[in-house]
Every structure is written in C-alpha cells, then in structure tokens.
Amino acid sequence: MENKTKKFHLASVILSVICVVFVVEAAAPVASIGNSQYFWWIFMMLLFLLPYGMIAAELGTTYVGDGGLYDWVNTAYPTTKWGARVAWYYWINFPLWMASLAVICPRLLGTMFGWNPSPFVSLTIELAFIWIVTIVAFFPVCDSIWILNLSAAVKVVLAFAVGGLGVWYVTRHGFANAGGFVTYLPSFRPASLSYISVIIFNFLGFEVVCTYADNMTKPKRQIPQAIVAGGIAIAVIYLFSAFGIGAAVPTDRINTDTGLIDAVSLITGRTGGFLVGLVAFLFLITLFGNMISWSMGVNSIAAYAADRGDMPRAFSLRWEKNGMPIGAALTSGIVASVVCLAGVLMEVLAPESSLFWSFFALNLVMLLLSYIPVFPAFLRLRKTDPERERPFRVPGGQKTAAWIAYVPMVLTILSVFFTAIPLSFDRETLASFLPITIGSILAVVIGEILIRLRAGRASAKETD
C-alpha cells in the first residue's frame, strides 16, 4: 500500500533536480561579467558543483528525512547551535528570494501585454505572486509534481532557445562582446567577483530534493542517480544559455533584472511581439516553479528544526489535514510581503537602484551562509558516525574527503565576502552594497535573538 502513495519515479526526481537547481533568472547577472564568465562557469563546476553534489548525495542518502542541512549539521554538532543557525539562514533566504522574483513579475506581465503597470498595480501583482506560492506550499510536493515537471521542461526549453538564438545571432552579426583570448581569462574586478556568488547559487539545491525522500519509490538509489544525471544536464544547460546571452548582448547593456528578455529582444530586434511575449510568459512559469520547489524543502526544514526547539515555535504549526508546515509557509509569505512593501520605499529614496539585485543578493548571502557549516559537518560525521550505512559514499580516503569538503567551503566564504562587503567606498558602490551589507547583518542578528529566545524558553521549561 505504501508504494501506491509514492509518486516520484527516477525521471520525476531528475526533473525535480533541474527545477530546483537550475535558476533561469540568475543567468543575466553572471553574463554581465563578460567573456570571463565561461572560465568561472567551468571553474565552479569542477571545484564546487562536483564536490558539493557528491557530499549532498552521501549525506542525503545516509540521513534520509525532512531535516536536510539542519539535520546534517545538528547531528555533527549536537551541543552547539550551529544547526539552528543553518535552519534560520536557510529559511530566511527564501522570503528574500521570493520578494526578488516578485518584483520581476510586473515587468514580465508588462512585456507580455505591452503595458506599463502603475506602482500600485505592480505591488498588487507582487503580493499575488507571493501568496499564490505560499498557498501552494500548504500541500504535499507530490500534489505539485506536475508544476515541477512543467517548470523543469520550460527551463530547458528557455535555456536552449536562448542558446540557439545566440548561435543564430553570431552567424549573422558576430559576437556582441568580441575580444581576444585575454578576455576569456578570469576577471578579478570587484563587480565581477560580486556576481561569481551567483554561479555558486546556480548550483545549490540538491539537498532540497533529499527532503522529497518520503515521496520517492527508492530514495537511496534515486537521490544519487538524480544528482549525477541532473548535475550533468544542468552544467550543459547553463553553459549553453550563458553563451546565448553573452554572444548577443553587450556586457554594458545587460540588465540584471530582465537580461533573458533583453537577449531575446536584441537578437530578434523586437521589444515586444509574440516571441518576446512567449519568452516572458515561460519565464514567469519558471519563477513559480522555482518558488514552489524550494518552498517544500525550506518549510520542511524550518518545521523540523522548530519541532526540536531550534526555530520559532510558529514554524512548527502544521495543517491537520495533511501535516504540511503551514506555519513556516505563512511566516515566509508575510516576510516576503513586508520586503516588497519596503521595496516601494527604496524605489522612492533610490529610484536608480535595482530592487531585484538588492533582494536577490541578500538572499544569496543568507543562503550561502547556511551551507558553510555543511562541509565540516560532512567530515565530522565520517569520524563520529563511521558505522552508519552509506548507500552512496564519496570516493577516496580521508585526505581526499578533506579536499572535497574544504575547497567548496572556501569558495563559499569568499563568495559571501565579495557579495556583502564593498571593496571600494565611492558613492555608486556604497549605494549598491550597503542595502546588502546592512540587510545581512540584520538577518544574522535577528536570527541570533530568536534562537537564544527559543533556547531560553526551552531551558525554563526543563527547570520547571
């Protein structure tokens, strides 16, 4: 009887990996680096995607359940609050990301229908996006599998369409960012380094699929198979779509908010029409797919941590009908709505700023922070829990495992630094970085306060 309720087969799991990990809207910021983006894509695939994917496969098949990153870190360091911090950073990134995607929606609808929505209408659309995602998160992931599969298919179609259009453009007009061999070497300009974190972000999310284990037929086999197959597919898709944008759009004309639409517009020579409107529509579908696929994992981990006294009690609220963590989902929707409302004020005070990048970069910092403890936790669990069966094991001995863990950890730390810390103090740089720096500090401080309050209440109960 149990298997009849499990709707995830291997193909669906692979599509879920693509839906969760492949992020279409992140391609434009990376393309703005210029030709050196290709070096950074390949560099990060080898030194981050490959080791991180193997670590996620080992931990995800060894410690199966809803806890994900929190469970791994908490099991490795049970007497510390690092598990609680990971759960908080991981959760708070989601409403920030949801807000960043919400601000794109009015522009996409404007492109589709050829109109310029007013600020009030734009805010209404943003809030509608947020609460549709929030309500869908009230239901099990297997009920939304068609959304994940559709989103994954649309992402692949979009990526190959943009890449194919880029090839067509080059054959007709040549490269938009032509240059010699030196332009393909790594760029260490501050602006470029701040966008490299987006590449790492583009590779994150394998552990979300691990939280779907209860909906899989054979999770201990399907998880590593899906991570390997999905990882290879994602690497190919990213490189091809990155080529399409980089080949057709001059670097100084790439908009971090709507770079994908810009690429199609420049290639076709149209700012509207059926093709551009279709791309905008498909892009909108992928935004819903991103949020719905991530909401399942993020809310499950937040509720799992709350049940163990490491997150606010409200996050442990579940719907009696199906056991879904509606407390974490509702709180996420409220926070994302508040962020969008704050965005209205930001646009008044700094109309030249990019709301998408400000919110997206803040989400980047918090998400990357949540992964840093995972790599040492992987090594510690190898030592403290060596007898546990590991259906998939990262190949090599302890020294190899150390390299596989510490290299991506260092890259993650550097990415956080370059995304959140301004490297110069001119007015333009400060205007771009200060919202991210201040927002990151506030998010960390709020998390510490909530964690300590919850721990204090738990201690008081034990004393009573």
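How many of the 17 residues of H15 are buried? I counted 16 of them, so I put H15 down as mostly covered. Buried here means under 20% relative accessible area, exposed means over 50%, and partly exposed lies in between (1.4 Å probe, protein chains only).

Before going on, I noted that this is a predicted model, where local features need pLDDT of at least 70, side-chain atom pairs count only at pLDDT 80 or more, and totals for chains, interfaces and linings use all residues. Residues are numbered from 1 along each chain as its sequence is written, and side-chain values use heavy atoms, with hydrogens and water left out.

**Helices**

I took helices as DSSP runs (H or I, at least four residues), numbered from the N terminus. H15 covers residues 355–371. From first C-alpha to last it reaches 25 Å, close to the expected 24 Å. The expected span is 1.5 Å times one less than the number of residues.

Next I looked at H3, residues 37–62. Its 26 residues should span 38 Å, and its end C-alpha atoms are 35 Å apart, which agrees. I found a bend of about 40° at methionine 45. That is the angle between axes fitted to the seven residues ending there and the seven starting there. H3 is mostly covered too, with 20 of its 26 residues buried.

I then checked asparagine 93, which sits in helix H5 (residues 82–102). It counts as buried because its relative accessibility is 0%. Leaving out residues up to four places away in sequence, asparagine 93 touches Asn363, Met366 and Leu367. Contact means heavy atoms within 4.5 Å.

**Core**

A nonpolar core is a set of buried Ala, Val, Leu, Ile, Met, Phe, Trp, Tyr and Cys residues joined through side-chain atoms within 4.5 Å. The largest one has 132 residues. Phe48, Trp91, Phe129, Phe203, Leu287 and Met311 touch the most other members. Helix H13 (residues 274–307) gives the largest share, 16 residues. Apart from this core lies another, of five residues, including Ile147 and Met324.

Beyond its neighbours within four places in sequence, its contacts include Met98, Cys105, Leu287 and Met291.

Cysteine 105 has its nearest cysteine sulfur 9.1 Å away, in cysteine 340. That is too far for a bond. Cysteine 105 is buried at 3% relative accessibility, and cysteine 340 is buried at 2%.

**Charged pairs**

Side chains of opposite charge can pair when their charged atoms come close. I listed seven salt bridges, each a side-chain nitrogen of Lys or Arg within 4 Å of a carboxyl oxygen of Asp or Glu.

Arginine 390 pairs with glutamate 58 at 3.0 Å. Arginine 390 is in the loop between H16 and H17, glutamate 58 is in H3, and 332 residues separate them. Both are buried. Glu58, Arg382 and Arg390 form a network of salt bridges.

Aspartate 310 meets lysine 81 at 2.8 Å, N to O. Aspartate 310 lies in the loop between H13 and H14 and lysine 81 in the loop between H4 and H5, so the pair ties together parts 229 residues apart in sequence. Aspartate 310 is buried at 8%, while lysine 81 is partly exposed at 32%.

Notes. Helix = DSSP H or I, 4+ residues; strand = E, 2+ residues; numbered from the N terminus. Disulfide = S-S within 2.5 Å.
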